[in-house]
Amino acid sequence: MITTDICIVGAGPVGLFTVFEAGLLKMRCHLIDALPQVGGQLSEIYPQKPIYDIPGYPEVKAQELVDNLMKQIEPFDPSFTLGERVDYLAKQDDGSFVITTSDKTKVHAQVIVIAGGLGCFEPRKPVLENLESFEGKGITYMVKDPEQFRDKKVILAGGGDSALDWTIFLSDVAEKVTLVHRNETFRGAPDSAAKVFDMANNGKIDLILSSNLTKISGNGHLQSVSMKNKAKEEITVDTDYLIPLFGLSPKLGPIAEWGLNIDKNAIEVDTTDYSTNVERIYAVGDINTYENKLKLILCGFHEAALMCHSAFKYVYPDQKLSFKYTTVNGVNAF
């Protein structure tokens, strides 16, 4: 039995930053993640994706952010269970919990923090004939190594931040980049959308709007993609790769059976401290939902900070928070 103060379900960026905030309050953390490494989606799906909205970093690669977070939490010596899914939750007589994983690892904690991002996730795929036969042979749903696309023809499809960011980044890597979107406007960051429109006007990329993918073709490897616009006109573009970036389909998995209030695969929380309807269980990051929720990493960091101050009372019920700063191993602490 692993014993800790806080058990964090999810070792993505928000889960890692939770360790830091908890450490400042002298609370120990153990993290569990179904992925074999820390970093969540950042490491698993787009480690080389540039991120532009982290304070203090005009641009930071996703994996670099994860590496920096790991360095930041080193003084607090967190422990990890990786490659195992959380399956069961049992409440104890004293209000604490015992979590059991898919490999029967047991963790006893005073507080549970769910920081599972989108939960168990898989990419949303376009409805195209013979799609599976080209997966791994020209069709990919993530960019792990941008060098794979060096001097290649690449078509990206989507209208969110990932599609915009990767279009901008790969324009300096690939021989030709084409972005296809079903609408005339983008739902991603306005600044990124403006950059994409400027690049299209300057001939650096091809931009095809109000169009849907209709057909993929190739002989053992993807060779072309067809798309149809609102006027039912079809065009075919030769390509080496197609990267559909339509987001992820979230699945909460066993967490959905924990008695939490859930709305559309997200956990409802009280925004005063990001607690759920079950005492001693909190949810932070993309996995939670509330009015005016923004799914941004920096918002998850804010949620983690407030949550830890609330969780303190369960770990140290006889103490009150002191706001006198000291220094421990070079890190400011309460």
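Contact here means heavy atoms within 4.5 Å. This is a predicted model in which local features need pLDDT of at least 70 and side-chain atom pairs count only at pLDDT 80 or more, while totals for chains, interfaces and linings use all residues. Residues are numbered from 1 along each chain as its sequence is written, and side-chain values use heavy atoms, with hydrogens and water left out.

**View 1**
Start with Leu-156, which touches Ala-163, Trp-166, Thr-167, Leu-170, Val-177, Thr-178, Leu-179, Val-180, Ile-243 and Leu-245, leaving aside residues up to four places away in sequence. A nonpolar core is a set of buried Ala, Val, Leu, Ile, Met, Phe, Trp, Tyr and Cys residues joined through side-chain atoms within 4.5 Å. Buried means under 20% relative accessible area, exposed means over 50%, and partly exposed is in between (1.4 Å probe, protein chains only). The largest core has 84 residues, and the members touching the most others are Ile-112, Ile-114, Leu-156 and Leu-170. Helix α7 (residues 297–315) gives this core its largest share, nine residues. Both domain 1 (2–122 + 249–329) and domain 2 (125–246) put in at least three residues each; the domain bounds come from an automatic or database domain assignment. There's also a second, separate core of 16 residues, with Leu-128, Ala-157, Ile-216 and Leu-222 among them. In soluble globular proteins, nonpolar side chains tend to be buried together.

Thr-81 sits in strand β5 (residues 79–82). Helices (H or I, at least four residues) and strands (E, at least two) are DSSP runs, numbered from the N terminus. With a relative accessible area of 6%, Thr-81 is buried. Its side chain makes a polar contact of 2.7 Å with the side chain of His-30. For the record, a polar contact is a pair of N or O atoms within 3.5 Å; within protein, one must be able to donate a hydrogen and the other to accept it, and residues adjacent in sequence count only if both atoms are side-chain atoms. Not counting residues up to four places away in sequence, Thr-81 touches Ile-2, His-30, Leu-31, Ile-32, Asp-33 and Thr-105.

**View 1. Lys-106 in strand β8.**
Lys-106 belongs to β8 (residues 106–114). Is Lys-106 buried or partly exposed? Its relative accessible area is 39%, so Lys-106 counts as partly exposed. Beyond residues up to four places away in sequence, Lys-106 touches Met-1, Ile-2, Val-98, Ile-99 and Thr-100. Thr-185 is another story: Lys-106 and Thr-185 are 79 residues apart in sequence and 48 Å apart in space, C-alpha to C-alpha.

Strands β6 (residues 86–91) and β7 (residues 97–101) run antiparallel and are joined by five bridges. Two strands pair if DSSP finds at least two bridges between them. Val-86 stands opposite Thr-101 in β7. Five residues lie between the strands of this hairpin, and Gly-95 takes a positive phi near 95°.

**View 2. An open sheet of three strands.**
The strand order here is β18-β19-β21, with mixed pairing. β18 (262–263) and β21 (288–289) are the edge strands, each pairing on one side only. β18 pairs with β19 (residues 266–268) in the antiparallel sense over two bridges, and Ile-262 stands opposite Ile-267 in β19.

Glu-135 lies in the loop between α4 (131–134) and β10 (153–157) and Lys-125 in the loop between β9 (120–123) and α4, so the pair ties together parts that are ten residues apart in sequence. Glu-135 is partly exposed at 25% relative accessibility, as is Lys-125 at 43%. Arg-150 and Glu-147 meet in another salt bridge (2.7 Å, N to O); Arg-150 is partly exposed at 35% and Glu-147 is partly exposed at 45%. Asp-206 and Lys-176 form a salt bridge too (3.4 Å, N to O). This pair links distant parts of the chain, 30 residues apart: Asp-206 is in strand β12 (residues 206–208) and Lys-176 is in strand β11 (residues 176–180). Asp-206 is partly exposed, with a relative accessible area of 33%, and Lys-176 is partly exposed at 32%.

Key: Salt bridge = Lys/Arg side-chain N within 4 Å of Asp/Glu carboxyl O.
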